2 protein chains.
Amino acid sequence: MVTIDADRFKKTFRSYSKIGRTDADGLHRLTLTETDRKVRDLFVEDLESLGLDIRIDEIGNIFGRRGGTNPDADPVLIGSHLDSQPYGGRFDGQLGVLSALETLRSFEDAGVEHRRPIEIVNWTNEEGSRFKPALMGSGTFIGEFDGTDTLERTDSDGVTVAEALKRIGYHGEEPCEPREPYDSYLELHIEQGPKLEEAGRSVGAVEGVFGMAWLEATIHGDADHAGPSPMHSRRDALVAASDVVGAVRRLSNRVADDVVTTVGEFEISPGSINVVPAEARLTIDVRSYDDAVVAELVERVEREVEAACKREDVTYDLEEIWRIPHTEFSPRVSRAVLDAAEAVGADHQAMVSGAGHDATYLNEITDTAMIFVPSVDGKTHNEAEYTEWEDAVAGARTFAEATKRLAARPDDS
Amino acid sequence: MVTIDADRFKKTFRSYSKIGRTDADGLHRLTLTETDRKVRDLFVEDLESLGLDIRIDEIGNIFGRRGGTNPDADPVLIGSHLDSQPYGGRFDGQLGVLSALETLRSFEDAGVEHRRPIEIVNWTNEEGSRFKPALMGSGTFIGEFDGTDTLERTDSDGVTVAEALKRIGYHGEEPCEPREPYDSYLELHIEQGPKLEEAGRSVGAVEGVFGMAWLEATIHGDADHAGPSPMHSRRDALVAASDVVGAVRRLSNRVADDVVTTVGEFEISPGSINVVPAEARLTIDVRSYDDAVVAELVERVEREVEAACKREDVTYDLEEIWRIPHTEFSPRVSRAVLDAAEAVGADHQAMVSGAGHDATYLNEITDTAMIFVPSVDGKTHNEAEYTEWEDAVAGARTFAEATKRLAARPDDS
């Protein structure tokens, strides 16, 4: 069994966390910024120290390959992302990349040989905070996004992805696509929810990702003066929109268990203290592991918006702006995770993810699964994000052991 | 009985409406802009044609005096405002100033003599859209605002009121204060609500103004990821804030009749499609003619905010940011309006106003009342604002007759 060096792992995590560290001990490391360049330089240096075969593609994804005893076998790909949310946490993404790095370091230390080559990867712009869409590097890699389109995407200052890559010296020459088939992809990530913590487990073997739909409703009422307009004559867009918020909250337990429903964007106009709101715009996010449940949630949201607007005598436009079916990860790879957790003695369970990850895209081209470690209080995307160190170590141990098992798999070609 | 020239009145209204006219036949004439200068120049020219004694004070309020047979008697003050909301309507304010102008013209035509001097006034910045606060000219005039403070107020570009006045040549030398006691103040205005139209009346004699309170609530929850955060672990500021919106709407018929309650400002953060909202800020406007009802509404709002936040396990700050008691206008002046309406044959009723006007401040220094004319569909503060021309004429006739009666009052000193 592989043994990782927990002290080195922690020390490395601390060094990486200094690059873009915030006063509140969080991380502000937006993709393709000068801060991102610094952490990429450190990562490349660490890959060079391991003697890996490094390549950088046109979107800035960084790969490092450790050869296998059968150099022609399909490689195992492991990694995550080093970019962060604005004033985000230190664990989101980074913990997965550094678990992969520690895995390769421990293989090097112990002289572990593996049949399949292993590639470590840092995906560009997982977060989507500076450039849209999120999961840009992995999505382009698997062909979900066109590479040329991706390079032309702009941030809020009009800087393109291509320009940002050139400025920091990470506009690689390799095309952003797989050079060969992969055997599998494995990614460690923080859970970003409270389930593992509530269950008292250190490791989750992620078997799939919720399906989801996004809807956008725009509600049109009348801007009346808050004083002289009697209640009966009003057509208040905010009253209708608030009614929808309550209905969306109640929907989460009306169709099935383990459903989440959220109104995340919500804006009104004119937004003046003594004016009845004329317009409201809101987004609705519904998720379930069961695609039929997502479909029913969408229908119910439509009925609720219609009913709320009818009650207030206002009109509306409702659009489904995105729908993605649930993802089923590879039973073989998630089985490897469960077996590895068992072998290293980590408390574990199978689970599904409420959020998409780079792994969601990789699953489209190769056998994929993920390892989750607990998020204290389920907090994420803010500076208070935290994972107990013993859980991080248990996750990295499981990750190293699972990687070793995946890379040992005989050629089946 | 005085007879106004309805054709001239309409023609004058059309000429004034061209200055700052919008494509949708509304009015965009923000206070102390170049457009405001143009309409002020026309107004001063019209006052000069009537041979009035004109003076302009340091805040730009424009007065024109027509002498009375007893030049020492306290004058009657009549007028309103010529500034508009951004992309507002043609009737708000302007109809009152031009009714006063037509009144003085018709007195001139018919050689009407009156014991008391009559002063016409155009108040600076009634709307408060460019410079805060609203009712600036009348509020400074009656001593509610300090003149020096008012002159230092800035717009969103940092331009002060004093600078804006100088640029358009309306920074007068007179101090902004009454030179002598007034006998009374009368103002015609559009209702900005649907009551007169619903009752089929042309003229409302306004006997007072609603009291009101403004509250601001800030709600603090947690920003969780919309996917991995199960519903039970959420502290969603938007869910609590929406709950408050519904409660505020229901409150309007829980305490008394003829109460209005409005949430006008409503903002959340972070406002991202897949993030549970962490913060919400909203304002609550409650109004009634009964100050005790306003007080009870404020208490009930406080209880509702507390209950909504408790339900969602979020915290909040709640502040009462403004409270103003109801205004009772002068029974003598509103009686004059009712008698005048009766005399000119205008369908009329007594009523109270849901909104404050310059008259609210003038009431603090002299006997005051208002005349309302109907607003079609109650629409106001937008380009669709409209008053049927026969109603405008009935209002102006009533206004002229009431002014004549007020100015005829014997000296009681």
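# Briefing: sheets, charges and backbone geometry

In strand β10(A), E320(A) is the bridge partner of L215(A). The model is predicted: local features need pLDDT of at least 70, side-chain atom pairs count only at pLDDT 80 or more, and totals for chains, interfaces and linings use all residues. Residues are numbered from 1 along each chain as its sequence is written, chains are lettered from A and ligands numbered from 1 in the order in which they are written, and side-chain values use heavy atoms, with hydrogens and water left out. Helices (H or I, at least four residues) and strands (E, at least two) are DSSP runs, numbered from the N terminus.

**Sheet of chain A**

- Strand β7 of chain A, residues 211–220, pairs with β10(A) in the antiparallel sense over nine bridges; two strands pair if DSSP finds at least two bridges between them.
- An open sheet of four strands in chain A runs in the order β8-β9-β7-β10, with antiparallel pairing.
- The edges of this sheet are β8 (260–269) and β10 (315–324) of chain A; each has a single partner strand, so one side of each is left without a neighbour in the sheet.
- From one strand to the next, the twist averages 15 degrees (axes are lines fitted to C-alpha atoms, for helices over the stretch in contact, and angles run from 0 to 180 degrees between N-to-C directions).

**Sheet of chain B**

- In chain B, four strands with antiparallel pairing form an open sheet in the order β8-β9-β7-β10.
- Here β8 (260–269) and β10 (315–324) of chain B stand at the edges with a single partner strand each, so one side of each lacks a neighbour in the sheet.
- The twist averages 15 degrees from one strand to the next.
- Strands β7 (residues 211–220) and β9 (residues 279–288) of chain B pair in the antiparallel sense over 10 bridges.
- A217(B) stands opposite L282(B), which belongs to β9(B).

**Charges**

- Over all chains, the structure holds 66 salt bridges, each defined as a side-chain nitrogen of Lys or Arg within 4 Å of a carboxyl oxygen of Asp or Glu.
- E34(A) and R37(A) form a salt bridge, with the closest N and O atoms 2.6 Å apart.
- Both E34(A) and R37(A) lie in helix α2 (residues 34–49) of chain A, three residues apart, about one turn of the helix.

**Backbone geometry**

- Most residues other than glycine have a negative phi, and most peptide bonds are trans.
- S269(A) and P270(A) are joined by a cis peptide bond with an omega of about 5 degrees, and P270(A) is placed in the loop between β8 and β9 (279–288) of chain A.
- K132(B) and P133(B) are likewise joined by a cis peptide bond, with omega about -5 degrees; P133(B) is found in the loop between β4 (118–123) and α4 (136–141) of chain B.
- D258(B) is not a glycine, yet has a positive phi of about 60 degrees; D258(B) has its place in the loop between α8 (237–251) and β8 of chain B.
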